[in-house]
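Keep the structure open while reading.

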Amino acid sequence: MSNLSKNPNYSGSQGLSLIRNSKSSRHLFELLMTGIASACLVITLIPLFAVLYYVVVKGAARLNLDLFTQLPPVAGQTTGGIASAILGTIQVVTIATIIAVPVGVLAAIFLSEFGGNGQVVRWIRFITNVLSGVPSIIAGVFAYSLIVLKMGTFSVVAGAIALSVLMLPTIIRTTDEALQIVPQEIRWASVGVGASNYQTALQVVLPAALPAILTGVTLAIARAAGETAPLLFTVVYTNNWPKGPLSPTLPSLAYLVYEFARGFDKVLQEFAWAGSLVLVALVLLTSVIARFATRQKQF
């Protein structure tokens, strides 16, 4: 028998009890904070589901095969689609991704693997964090001043460069963090068998962090696909099919929603809602791809 049971002041459940006192101040405070946290969660989710519900209800009216195969209508027409805008969005975002991903990944490799903890690396990380919060219209003005005015014409490439500026901070930050998560022992093992620092970074560390890097890339793509302001300064909107990268005209979903939603034609407003629904679906698709790519994490 334990010494506790031998104590004359101990009597089973009347001794040390694990039952909480429901009237204690600590328990009441816990209930209060749990209620506040739950209320904040509900308040946060209400706008999200409200926006999704509204977009689905408004956009479903035009959700048919013609929406994905025909050109956008003009004022007075009752039929059409947004096929050219979808292709234009894919075109400009693809070019922006080709520009931003190599630059962002290589910059993150330098920060994580070769930069050390010097002042330059700290300043680069600080500037990257600042750029992640810069309004998208600033990127449009930057591309307009640097490319459009210099070339003397609008172009799809100018729009892609503006979008790549918005994508870079996300790619750099997520790739940098992903590389830092890789255990240091893997780098030591690679160097121990004779690999150089560049071989270790590119052939060992980078593949190990690839799932998290893909997450950052898909998030950056999702942001670029939904931006309108950079395209206002760099390309001319058109309802026609997209042309080459140097074309001054470009149809895009975000631009289509902006143009159609501000008009007074009810049919065009319906197509604006349909474009919003497709745009949300594309963002959701990229998020699903990111989750699918990162479902098996190595570290």
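## H3 against H9

In this predicted model, helix H3 (residues 83–114) packs with its axis within 10 Å of the axis of helix H9 (residues 210–225). The two axes cross at roughly 140°. An angle over 145 degrees would count as roughly antiparallel, so H3 and H9 are oblique to each other. The crossing is right-handed.

Which residues form the contact between H3 and H9? From H3 come Thr89, Val93, Thr97, Val101 and Val105. From H9 come Ile213, Val217, Ile221, Ala224 and Ala225. By class, this contact has 8 nonpolar residues, 2 polar ones and no charged ones.

## Two residues of that contact

Thr97 has its place in helix H3. Its relative accessible area is 17%. The cut-off for buried is under 20%, so Thr97 is buried. Leaving aside neighbours within four places in sequence, Thr97 is in contact with Pro102, Met167 and Ile221. Ile221 belongs to H9.

On the other helix, Ile213 lies in H9. Is Ile213 buried or exposed? Ile213 counts as buried, because its relative accessibility is 4% and the limit is 20%. With neighbours within four places in sequence set aside, the contacts of Ile213 are Val105, Thr175, Ala178 and Leu206. Val105 is on the H3 side of the H3 and H9 contact.

## H3 against H4

H3 also meets helix H4 (residues 119–132). The axes come within 10 Å and cross at roughly 140°. H3 and H4 are therefore oblique to each other. H3 passes H4 in a left-handed crossing.

On the H3 side, the contact uses Phe110, Leu111 and Ser112. On the H4 side, it uses Val121, Ile124 and Arg125. By class, the residues are 4 nonpolar, 1 polar and 1 charged.

## H3 against H8

How do the axes of H3 and helix H8 (residues 197–208) cross? They come within 11 Å, at an angle of roughly 115°. The range for roughly perpendicular is 65 to 115 degrees, so H3 is roughly perpendicular to H8. The crossing of H3 past H8 is right-handed.

H3 brings Val105, Ile109, Glu113 and Phe114 to this contact. H8 brings Asn197, Tyr198, Ala201, Leu202, Val205 and Leu206. The residues divide into 8 nonpolar, 1 polar and 1 charged. Val105 takes part here and also in the contact with H9. Leu206, from the H8 side, is among the contacts of Ile213.

## Ala162 in H6

Ala162 has its place in helix H6 (residues 156–181). Its relative accessible area is 0%, so Ala162 is buried. Beyond its neighbours within four places in sequence, Ala162 is in contact with Ala139, Gly140, Ala143, Pro230 and Thr234. The C-alpha atoms of Ala162 and Ile138 are separated by 9.0 Å. Along the chain, these two residues are 24 residues apart.

## Glu227 in a loop

Where does Glu227 sit? Its place is in the loop between H9 and helix H10 (229–232). Glu227 counts as buried, because its relative accessibility is 14% and buried means under 20%.

Not counting residues up to four places away in sequence, Glu227 touches Ser136, Leu163, Leu166 and Ala254. One of these, Leu163, is 64 residues apart from Glu227 along the chain. The C-alpha atoms of Glu227 and Leu163 are separated by 7.8 Å.

## The chain as a whole

The chain has 12 helices and 2 strands. Read along the sequence, the pattern is α-α-α-α-α-α-α-α-α-α-β-β-α-α. Of the 299 residues, 35% are buried.

Among contacts between residues at least 6 apart in sequence, 72% join residues at least 24 apart. The accessible surface comes to about 17600 Å². Carbon and sulfur atoms account for 68% of that surface.

Terms used. Residues numbered from 1 in each chain as written. Predicted model: local features only at pLDDT ≥ 70, side-chain atom pairs only at ≥ 80, totals over all residues. Heavy atoms only, no water. Helix = DSSP H or I, 4+ residues; strand = E, 2+ residues; numbered from the N terminus. Buried < 20%, exposed > 50% of the residue type's maximum accessible area, 1.4 Å probe, protein only. Contact = heavy atoms within 4.5 Å. Areas by Shrake-Rupley, 256 points an atom, 1.4 Å probe, with all protein chains shown as cover. Axes fitted to C-alpha atoms, helices over the stretch in contact; angles between N-to-C directions. Parallel < 35°, antiparallel > 145°, perpendicular 65-115°, else oblique. Left-handed = near helix turned anticlockwise from the far one by under 90°. Nonpolar A, V, L, I, M, F, W, Y, C, P; charged D, E, K, R; others polar.
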